[in-house]
Amino acid sequence: MLQKSLNLLILSISILAYQLAEAQEKRDYNAYSIGFYNVENLFDIYDSPDTFDEDFTPTGKYRWTEKLYQKKLENLALVISSMGREELPSPPAIVGLCEIENLQVLEDLVKMPLLAPYNYQIVHSDSPDERGIDVALLYRANAFKLKDWNKYVLMIYEAKNTSKRDFTRDQLVVSGSIDSEDIHFIVNHWPSRSGGEKLSSYKRTEAARLNKYIIDSLQRQDPYAMIVNMGDFNDDPANASLNKILGARAKKEQVDFGGLYNPFAAIASEGTGTSAYRDQWNLFDQILVSKSLIEKSPEKLTFFRAYIFNPPFLITSKGTYKNYPFRSFGQSGFTGGFSDHFPVYIILTKEAD
């Protein structure tokens, strides 16, 4: 009888220990989505005397009117407000953007009905790009606390005339905190492949070197700095600019201290992309993270997963470009679409207090 009672006591203690362990495993997490979107020519309708934006005027190539401009804003607001909503209840805490003309178009964008409730704030600076397109960052004020920001000018010159500068986009660095942790965002739009991939590759090499300098500078101040490096790099994950100069690795275990992890490398290897040209997919739009964000610890911000956002409404449903991104502009002008790129996003998590 005594032995039976002891056995029951031991069993009860074992069950209680199991239940306590199970309860400890059930943790609540805060989660934040971080997005990037090449919005394809978000221009206002006015001709700027300092840039080549004549196509985007009422009398220009695209007959760009206020009505079409408002439709473009409406489309982009739908995309941003929908991004990551299958996983999280709110739209991205941070959204990096490229191919925007000026501060005014950003102010118009965040006032759209689908975005206005989220109180997005803007970080923007004019770049010397000849077309007048810039990079920018939007952030939800209740999720990200801005500390400071800076821009870095990319100085490159034409290969055949080394005295002639090729004016392109700056690289934007925005620093602040999420969930009481310091974090830095770099927004990029590297030089295009105009003229051919090989002939233009030296420009993206210079962009990668500037990007590496920025990252090294942040890590000199704090070796464990949390860095999110996003953009339209106009190169795929396997290209030298990303793989060799930046040293962005496809596998977490390959990332050395101070290195970068590129979660989109694995996605690219599956043949998936964010933009298509001549029946070939490219994954130019990527978000890279520093090693400090992939070291697993529930008590700090940690990378969870990466995604391409390509729901059916963003995909061309018929015609020559079926299954391509439903772009905004074609030979006949505004198509009513969204962008020639799919947006991308990642999710960061941290154990809740």
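**Reading a predicted fold**

Colleague: Trp 190 and Phe 233 both carry rings; are these two residues buried or exposed?

Modeller: Trp 190 and Phe 233 are both buried. Please bear in mind throughout that this is a predicted model.

Colleague: How many residues of the chain count as buried, as a percentage?

Modeller: The chain has 353 residues, and 51% of them count as buried. Its C-alpha trace spans about 95 × 40 × 40 Å along the principal axes. The chain is built with 6 helices and 17 strands.

Colleague: How should I read aromatic pairs, and how many are there?

Modeller: One compares the distance between ring centres and the angle between ring planes; planes over 60 degrees apart count as edge-to-face. The count comes to 22 aromatic pairs. One of them joins Tyr 139 and Phe 144, edge-to-face, with 5.3 Å from centre to centre and 70 degrees between the planes. Tyr 139 and Phe 144 are both buried. In the pair of Trp 190 and Phe 233, the ring centres are 4.7 Å apart and the planes stand at 85 degrees, so this pair is edge-to-face. The pair links distant parts of the chain, 43 residues apart: Trp 190 lies in the loop between strand 7 and helix 4, and Phe 233 in the loop between strand 8 and helix 5.

Colleague: Which residues form an aromatic cluster?

Modeller: Phe 43, Phe 56, Tyr 62, Trp 64, Phe 329 and Phe 334 form one such cluster.

Colleague: Let us turn to the sheets. What is the strand order in the open sheet of 7 strands?

Modeller: The general idea is that strands of a sheet pair through backbone hydrogen bonds, either parallel or antiparallel. Here the order is 5-6-7-8-13-10-9, and the pairing is mixed. Strand 5 (144–152) and strand 9 (248–249) stand at the edges; each has a single partner strand, so one side of each lacks a neighbour in the sheet.

Colleague: In what sense does strand 7 pair with strand 6, and in what sense with strand 8?

Modeller: Strand 6 (residues 171–178) pairs with strand 7 in the antiparallel sense over 7 bridges. Within this pairing, Val 173 stands opposite Ile 186, and Ser 175 has His 184 as its bridge partner. The hairpin of these strands has 2 residues between them, and Asp 179 takes a positive phi near 55 degrees there. With strand 8 (residues 227–232), by contrast, strand 7 pairs in the parallel sense over 6 bridges. There, His 189 has Asp 232 as its bridge partner.

Colleague: Which helix belongs to the β-α-β unit with strand 7 and strand 8?

Modeller: Helix 4 (residues 197–221) does; together with strand 7 and strand 8 it makes a right-handed β-α-β unit.

Colleague: Why may strand 7 be called largely enclosed?

Modeller: Of the 9 residues of strand 7 (residues 181–189), 8 are buried, so the rest of the structure largely encloses this strand. Ile 183, a member of strand 7, is buried with a relative accessible area of 0%. Beyond its neighbours within four places in sequence, Ile 183 has contacts that include Phe 144, Val 174, Met 226, Val 228, Leu 301 and Leu 348.

Colleague: Which residues touch the most other members of the largest nonpolar core?

Modeller: In soluble globular proteins, nonpolar side chains tend to be buried together. The largest core here has 75 residues, and Ile 94, Leu 97, Phe 185, Val 228 and Ile 346 touch the most other members. A second, separate core has 19 residues, among them Trp 190, Ile 215, Leu 242 and Leu 246. Ile 346 touches, among others, Tyr 32, Val 228, Phe 264 and Phe 303, with residues up to four places away in sequence not counted.

Colleague: Finally, how should I read a helix, and what does helix 2 pack against?

Modeller: One may compare its reach with the expected span, then examine its buried residues. Helix 2 (residues 66–82) has 17 residues and reaches 24 Å from its first C-alpha to its last, close to the 24 Å expected. Its buried residues include Tyr 69, Leu 73, Leu 76, Val 79 and Ile 80. The buried residues of helix 2 pack against several elements, including strand 1 (29–42), strand 2 (94–100) and helix 3 (103–110). After helix 2 comes Gly 84, with a positive phi near 75 degrees.

Definitions and conventions. Residues numbered from 1 in each chain as written. Predicted model: local features only at pLDDT ≥ 70, side-chain atom pairs only at ≥ 80, totals over all residues. Heavy atoms only, no water. Helix = DSSP H or I, 4+ residues; strand = E, 2+ residues; numbered from the N terminus. Expected span 1.5 Å × (residues − 1). Buried < 20%, exposed > 50% of the residue type's maximum accessible area, 1.4 Å probe, protein only. Contact = heavy atoms within 4.5 Å. Core = buried A, V, L, I, M, F, W, Y, C linked by side-chain atoms within 4.5 Å. Pairing = 2+ DSSP bridges. Right-handed = clockwise from strand over helix to strand, strands pointing away. Phe/Tyr/Trp six-rings, centres within 6.5 Å; stacked < 30°, edge-to-face > 60°.
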